[in-house]
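Hello,

Here is the structure I said I would pass on. Please open it first, then read the notes below it.

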Amino acid sequence: DFSTNIIYAHAIRSLVGKDMTNFVDLKGQNLVNLNKKLIEQGGEGFATIYFPKPTNPNKEFKKIVFVKYIPELNVVVGTGEYIEDAFKELKEKLLKDITEKRYGKNGYFWIHNSKCQLLAHPYRQKDIGRMDCNLTDIKGKYIIKEFVDIALKNPEGGFVKYYWKNPSTNKIEEKISFLRYY
């Protein structure tokens with residue numbers, strides 16, 4: 001309510017009916033004053049605030065919010081997205097999209113982080129999250145360590161030859177992979 005600063009509806013039930021006049025976030029922003037400023041600048045707007053999550057009401061998290069003043073009702077309606085949740089969702093979508101991409105007859109993409117942890121792989125789904133630092137090919141080459149070393153040392157990426165199972169034939173064959181650190 002724009003006149004009383006009392007919350008009518010909120011995902012955190014304990015905030016419903018609460019006067020937010022004196023609520024200040026972690027960065028010292030008074031949210032009511034921030035809303036008023038956005039409304040004065042055109043009736044709506046975006047802002048970055050720190051606010052509790054419904055699942056963690058005792059801690060504040062960085063959040064992008066959009067507020068809009070509805071003069072006919074004298075209310076401010078707001079919505080927002082927690083930054084860490086948006087990044088987590090984006091990362092999951094990106095990893096899923098990458099594992100579904102193919103090129104050529106047998107080409108595919110996978111992702112390890114710089115600590116050799118497997119993050120995405122179309123043929124090793126059960127190993128996602130595994131630390132692969134000691135993973136070797138049939139000849140004993142520590143391939144993931146080499147992948148990470150090549151990628152970290154060469155900003156434009158590099159190639160590694162090794163022996164690995166061909167997903168089409170299930171036979172061990174010489175393979176060459178291109179690695180790049182992003």
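Which element gives the largest share of the lining of the largest pocket? Strand E9 does, with 7 residues. Please keep in mind that the model is predicted.

The largest pocket

Its volume is about 1100 Å³. The lining is made up of 36 residues, and those closest to the centre of the pocket are Trp110, Ile111, Phe178, Leu179 and Arg180. At least two lining residues come from each of these elements: helices H2 (83–100) and H3 (143–153), and strands E5 (107–108), E6 (111–112), E8 (158–165) and E9 (172–179). Sorted by class, the lining holds 23 nonpolar residues, 7 polar ones and 6 charged ones.

The second largest pocket

This pocket has a volume of about 750 Å³. It is lined by 29 residues, of which Ile7, His10, Asn35, Val76 and Gly78 are the closest to its centre. Helix H1 (31–40) supplies at least two residues of this lining, and so does each of the strands E1 (44–53), E2 (56–70) and E3 (75–82). Which of them gives the most? Strand E3 does, with 7 residues. By class, 20 residues of the lining of the second largest pocket are nonpolar, 6 are polar and 3 are charged.

Regards

Key: Residues numbered from 1 in each chain as written. Predicted model: local features only at pLDDT ≥ 70, side-chain atom pairs only at ≥ 80, totals over all residues. Heavy atoms only, no water. 1 Å grid on protein atoms, 1.4 Å probe; cavity = no way out; pocket = protein on both sides within 12 Å on 5 of 7 lines; lining within 4 Å. Points joined across faces, edges and corners; volume = space filled by probe spheres on them. Helix = DSSP H or I, 4+ residues; strand = E, 2+ residues; numbered from the N terminus. Nonpolar A, V, L, I, M, F, W, Y, C, P; charged D, E, K, R; others polar.
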